[in-house]
Amino acid sequence: MDNLRDIECAIEAVLFAAGDSVSIEKISEIVNQDKKTTISILSGMEMKYKNSSRGIMLRQLGSNYQLCTKPEYDEHIACLGTSRKRQGLSQAAYEVLSIIAYHQPVTRAHIEQIRGVNSDNVISTLAEKNLVYEIGRQEGPGRPKLYGTTEEFLRVFGFNSISDIPQIGMNEIKMVMNDIPVD
Amino acid sequence: MKNEIAGSVHNAYTIKLDNFEGPFDLLFYLIEKNQIDIYDIPILEITDQYMDYLFAMQEMDLDIASEFLVMASTLLHIKSKLLLPSKKEENQEEIDPREELIMKLVEYKKAKDLASILQEKEKTWKKVYYKLPEVLPESAFEVILDVTPSLLMECYQKCMQDYHDKQNDVSDKMGRILAQEKVSLKLKVRELLVKLKKGIKICFSQVYSLKSMSRVEVATGFLATLEVAKLGRATIQQKEEFGEIYIKPKRTKEG
């Protein structure tokens, strides 16, 4: 399989059949290309889906890829009667999720320190919804659990990868911290 | 503006009271309401307002979570530090007592900002639909065996050759043992033959037990058993792996 068109068609077929996200390694194995080439083919496809008149699009989720419908057509899909309603998260849940997203891998204690409130229940809820998971344990006393965000988190909030999460005013904060007025 | 704030403070708690996520949330609400620069918090005013809220909660018999009290004491601590003239060494740089609180507030603000970004992004991305995975038959990935009769024969021959080689190895070892061991195999064979002459079935574990003799002796006993069987003077039987070995005398032409 050397023809670019053939490769793209094969990837499309594979991703359609897979439904779930498929890893770059798997895709490159299937189309028999090296990883770097596969990634560039996939980003090319991503642009093609985006710019051409298609109802579906290609999404990058960390090191995986998945096909989905474009958000613009949700009303049409809703007419099928298969619309599902996801139960929304609480304000607290969004807060905890944000802290985990920024500070991952992060312990419960650290989350609690930032929020000033016990957050155990919220973390459990987020884990149940498969938005966060236990990455591992921190070395040190008590070996506390470390939390991080999942692929589902990227999927639900439309990020390509963790590094895609916007960094809010980091420079601004640093700058201001240096010249806090002394009373 | 400031007068207006002071005037409205006492009524403020009627607007929003019980749905603060925590002390930082309440503090943030106050900061935003008064349009204060987060990096230059007028601690005196904020502390007063914060305390007003707590008193109001008390009046309404709401349970005040301990976290709110911790924050209240932190604020009062900072306030007192700012009021009291600090006596410290000349060359030591003065630390703003608010700094730690500001750091925490900034961190909390970052989380809050991202939280609202997440809520916004979720609105778009929950309109997206995914397909369920196809159920792929597993046999599609099965490896089909490619075996010919001649290959089987080769394997068998190799197996037998290995087995044969191993047998030879054992006999080499036996020679070595015969030459070196104090416990003589010849003697053991003779002993065993005497026992067998009585015509009784022998249990290996009863005759050769590690409780009453050395490891070498038991091993030699085992070799003797094999030797006797090889000579055709007995049959050996073992029903399962690591099970009991029975030695049964076999009638020979002489006996």
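pLDDT is the predictor's confidence in each residue, on a scale from 0 to 100, and I start with it since what I am showing today is a predicted model. For this model, local features need pLDDT of at least 70 and side-chain atom pairs count only at pLDDT 80 or more, while totals for chains, interfaces and linings use all residues. Residues are numbered from 1 along each chain as its sequence is written, and chains are lettered from A and ligands numbered from 1 in the order in which they are written.

Chain A averages a pLDDT of 85, and 88% of its residues score at least 70. Over residues 170-183 of chain A, however, the pLDDT is below 50, and beyond near neighbours in sequence this stretch has eleven contacts in the model, a contact being two residues whose C-beta atoms, placed from the backbone, lie within 7 Å. Where pLDDT is low, the predicted coordinates should not be read in detail.

Let me turn to the sheet of chain A. Helices (H or I, at least four residues) and strands (E, at least two) are DSSP runs, numbered from the N terminus, and two strands pair if DSSP finds at least two bridges between them. The sheet is open, with three strands in the order 1-3-2 and antiparallel pairing. Strand 1 (22-23) and strand 2 (56-61) of chain A stand at the edges with a single partner strand each, so one side of each is left without a neighbour in the sheet. Strand 2 and strand 3 of chain A pair in the antiparallel sense over six bridges, and A:Q60 has A:Y65 of strand 3 as its bridge partner.

Two helices pack on this sheet. Helix 1 of chain A touches strand 1 and strand 3, and its direction makes about 75 degrees with that of strand 3; axes here are lines fitted to C-alpha atoms, for helices over the stretch in contact, and angles run from 0 to 180 degrees between N-to-C directions. Helix 3 (residues 35-51) of chain A touches strand 2 and strand 3, and its direction makes about 140 degrees with that of strand 2.

Finally, the contact between the chains takes 37 residues from chain A and 38 residues from chain B. On the side of chain A that touches chain B, the largest share, nine residues, comes from helix 5 of chain A. By class, that side has 24 nonpolar, seven polar and six charged residues, where Ala, Val, Leu, Ile, Met, Phe, Trp, Tyr, Cys and Pro count as nonpolar, Asp, Glu, Lys and Arg as charged, and the others, Gly among them, as polar.
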